[in-house]
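Subject: Structure for your study

Dear colleague,

Please find below the structure that I am handing over to you. I would be grateful if you kept it open while reading the notes that follow.

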Amino acid sequence: MSSAPGYQAPTVTVSSSLPGRGVSDAVLLVAVVAGEDGPTVAEDQTHLGADAVAAIESALAALNATGAEGQLHRLVIAELPVASVLTVGLGDAREEWASDTIRRAAGAAARSLDKVGTVVAAPAALDLGATVEGLILGSYRFTDFRSPKTAPKDAGLKKIIALTTDTKAATKAAVQRAVDIATSVATARDFVNTPPSHLYPDEFAKQAKALGEAVGLTVEVLDDKALTKGGYGGIIGVGKGSSRPPRLVRLAHSGGGRRAKKVALVGKGITFDTGGISIKPAANMHHMTSDMGGAAAVVATVVLAAKQKLPIDVIAYVPMAENMPSATAQRPGDVLTQYGGTTVEVLNTDAEGRLVLADAIVRACEDDPDYLIETSTLTGAQTVALGARTPGVMGSEDFRDRVAELSQAVGENGWAMPLPEELKDDLKSQVADLANVSSSRYAGMLVAGVYLREFVAEGVEWAHIDIAAPAYNTGGPWGYTPKGGTGVPTRTMFAVLEDIAANG
């Protein structure tokens with residue numbers, strides 16, 4: 001990656017009218033809905049003009065279009081000063097559109113326009129922020145490691161003109177918020193997509209530090225010597241098998257006064273996970289480049305909080321390590337001491353995420369936060385329980401439900417899960433305070449949540465978001481979600497931070 005990390009989003013402007021004919025390569029994006037007599041242009045698109053609307057609807061009828069959600073058609077409409085028109089279906093007409101419906105539609109449209117430099121977005125009239133977010137996220141590319149042989153020949157989407165009747169300062173601020181959110185998600189994607197040969201703990205820490213300092217965050221990085229001296233046995237234990245030693249990064253945003261709410265964020269940053277001595281099967285092990293997806297989202301979120309000047313304090317702790325098998329690696333049966341003094345029998349070295357997270361959680365609680373949000377690609381059991389697109393949310397019941405509800409509102413679809421008390425018995429050890437895994441094959445995601453709960457200080461409202469599958473899309477792209485890194489749950493965590501800033 002470049003020496004100045006961070007995704008460079010297309011430029012976005014707002015306009016109350018279509019551009020002049022000088023923008024020769026511009027494509028006009030128009031939302032349409034399904035109707036009894038064929039698709040019709042969605043409401044609040046009067047700036048297109050009656051003749052242009054009639055021409056679009058006539059062309060769609062000739063193509064037997066339906067207006068189904070995500071359906072795309074490219075048209076040439078003489079009545080409009082653009083090279084072409086791209087219609088995107090929203091499905092059946094309704095009084096109000098869910099933001100994520102607009103976001104997915106804009107993303108699907110953007111993915112179909114690889115060789116287009118300028119998009120004029122009419123769906124902005126329906127939901128300005130969702131349209132901008134969808135276009136930026138849908139047009140996302142990761143090409144840092146492609147040579148000229150396979151790199152795209154075009155520059156991709158570089159300019160978005162959002163059509164809206166309201167171009168006042170508040171509207172422009174809403175656009176900037178959408179740009180900042182999408183840019184942060186894309187930055188998290190960049191981190192996840194960067195191969196482990198180029199993103200290892202020290203490099204990841206340097207890039208997190210550069211991003212943080214660029215927006216005024218206070219940044220501290222503990223290297224392996226400082227971690228050993230400080231008693232961070234989980235982080236050191238996981239990193240022992242690698243030639244590239246671990247790090248712990250602290251990034252702090254001070255947005256309020258003495259009475260401001262304080263939120264701690266913790267994200268798992270395993271830059272590559274072989275499983276250690278308990279080595280994983282070779283098939284699909286390359287997907288473990290994504291095992292730092294939680295850390296990527298946490299770094300992106302605290303940077304976003306600073307950009308948006310949220311009036312709360314946000315302190316992020318990001319443990320970074322590489323889990324490798326070697327003569328120096330920890331063994332199944334070893335006992336380590338987590339930061340804070342709890343001893344743990346490591347029965348399975350592939351259950352390493354909870355070890356680094358426990359250290360970071362205890363340290364984060366020393367800052368006396370009101371809330372703590374931890375996210376990680378923690379368990380394959382999340383995929384078994386909830387599938388590839390639904391994060392599991394565990395923790396304090398009220399805060400867990402609040403996080404899940406906000407996650408669903410932004411389209412990341414977190415789902416509340418329980419932490420049954422009886423599962424703690426499965427973590428008993430013969431030789432230490434805890435074992436890092438259960439002997440049972442059941443409820444693996446919940447057992448991991450129960451383990452983490454042991455390290456959360458009393459009185460701290462907390463939530464754990466398991467994104468084992470949602471952080472990395474191994475299937476085909478859909479909506480605004482590409483193959484590879486997704487950036488989940490950056491938007492969830494930011495929505496929670498905004499909600500805490502507004503409501504406490």
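I begin with the lining of the largest cavity, which divides by class into 5 nonpolar, 2 polar and 2 charged residues. Here Ala, Val, Leu, Ile, Met, Phe, Trp, Tyr, Cys and Pro count as nonpolar, Asp, Glu, Lys and Arg as charged, and the others, Gly among them, as polar. Please note that this is a predicted model, in which local features need pLDDT of at least 70 and side-chain atom pairs count only at pLDDT 80 or more, while totals for chains, interfaces and linings use all residues. Residues are numbered from 1 along each chain as its sequence is written, and side-chain values use heavy atoms, with hydrogens and water left out.

Cavity and pockets

The search worked on a 1 Å grid over the protein atoms alone: a cavity is a set of points where a 1.4 Å probe fits but cannot get out, a pocket is an open set with protein on both sides within 12 Å along at least five of seven lines, and lining residues have an atom within 4 Å of a point. Grid points are joined across faces, edges and corners, and a volume is the space filled by probe spheres set on the points.

There is 1 cavity of 30 Å³ or more, and the largest cavity has a volume of about 60 Å³. Its lining residues include Ala-110, Asp-114, Ser-139 and Arg-141.

The largest pocket holds about 980 Å³ of space. Of its 47 lining residues, Met-288, Thr-379, Gly-380, Thr-383 and Ala-468 lie nearest its centre. Helix 10 gives the largest share of this lining, 3 residues; helices (H or I, at least four residues) and strands (E, at least two) are DSSP runs, numbered from the N terminus. By class, the lining of the largest pocket has 18 nonpolar, 18 polar and 11 charged residues.

The second largest pocket contains about 550 Å³ of space. It is lined by 21 residues, and Arg-141, Phe-142, Arg-146, Asn-193 and Lys-483 are the closest to its centre. Domain 1 (11-164) and domain 2 (188-503) each give at least three residues to this lining, with domain bounds that come from an automatic or database domain assignment.

Aromatic rings

The whole structure has 6 aromatic pairs. Rings of Phe, Tyr and Trp (its six-membered ring) pair if their centres lie within 6.5 Å; planes under 30 degrees apart count as stacked, over 60 as edge-to-face and the rest as tilted. Why is the pair of Phe-191 and Phe-204 called tilted? The ring planes stand at 50°, with the centres 5.0 Å apart, so the pair is tilted. Phe-191 belongs to helix 4 (residues 169-193) and Phe-204 to helix 5 (residues 201-214), 13 residues apart. Phe-191 is buried, with a relative accessible area of 1%, and Phe-204 is buried at 0%; buried means under 20% relative accessible area, exposed over 50%, and partly exposed in between (1.4 Å probe, protein chains only).

Tyr-371 and Phe-399 form another tilted pair, 4.8 Å centre to centre with 35° between the planes. Both Tyr-371 and Phe-399 are buried.

Charges over rings

The charged end of Arg-389 sits over the ring of Trp-478, 3.7 Å from its centre (the rule asks for NZ of Lys or CZ of Arg within 6 Å of the ring centre and within 35 degrees of the ring normal). Arg-189 lies over the face of Tyr-140, 5.2 Å from the ring centre.

Yours sincerely
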